[in-house]
Amino acid sequence: MCTYYPEALAANLYGMRSAAGMSLKELAQHVGIGHATLWGMENCYYRQRCPNLSTICAIADYFGVSLDWLCGRVRTEKTPAPAATDDGDLDKK
């Protein structure tokens, strides 16, 4: 089992989605997942198992936050994810 904090994931996800004024369905469409999956993440349905990594990555990328912050491994304000260049390499800034 992976180490993450479902309550932090739920709170961070809900907070970002709400601040963006998006419904569950809208965000789910943007990141390519079902809205039921997103609902489960916001309501700590995934306490006993980790959400799919590609799902969490898509959400973190969409909002421009790090995986650590999104999953509650960093107890500070949003930590931006590294910006990708056009060729897919990470900027070294």
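Me: Which residues touch the most other members of the largest nonpolar core?
Reply: Leu-27, Leu-38, Ile-59, Phe-63, Val-65 and Leu-70, out of 19 residues in that core. A nonpolar core here is a set of buried Ala, Val, Leu, Ile, Met, Phe, Trp, Tyr and Cys residues joined through side-chain atoms within 4.5 Å. Buried means under 20% relative accessible area, exposed means over 50%, and partly exposed is in between, with a 1.4 Å probe and protein chains only.

Me: And which elements give two or more residues to this core?
Reply: Those are α1 (6–19), α2 (24–31), α3 (35–42), α4 (53–63) and α5 (67–70). Helices are DSSP runs of H or I with at least four residues, numbered from the N terminus.

Me: OK, before I go on, what sort of model is this?
Reply: It's a predicted model, where local features need pLDDT of at least 70, side-chain atom pairs count only at pLDDT 80 or more, and totals for chains, interfaces and linings use all residues. Residues are numbered from 1 along each chain as its sequence is written, and side-chain values use heavy atoms, with hydrogens and water left out.

Me: How does the confidence look, then?
Reply: The protein chain averages a pLDDT of 78, and 70% of the residues score at least 70; pLDDT is the predictor's confidence in each residue, from 0 to 100. Over residues 79–93 the pLDDT is below 50, though this stretch has 17 contacts in the model beyond near neighbours in sequence. A contact means heavy atoms within 4.5 Å.

Me: New topic: how many disulfides?
Reply: The count is zero disulfides, taking a disulfide as a pair of cysteine sulfur atoms within 2.5 Å.

Me: Are the cysteines buried or exposed, say Cys-44 and Cys-71?
Reply: Cys-44 counts as buried because its relative accessibility is 13%, and Cys-71 counts as buried at 10%. Cys-50, in the loop between α3 and α4, is partly exposed at 23% relative accessibility.
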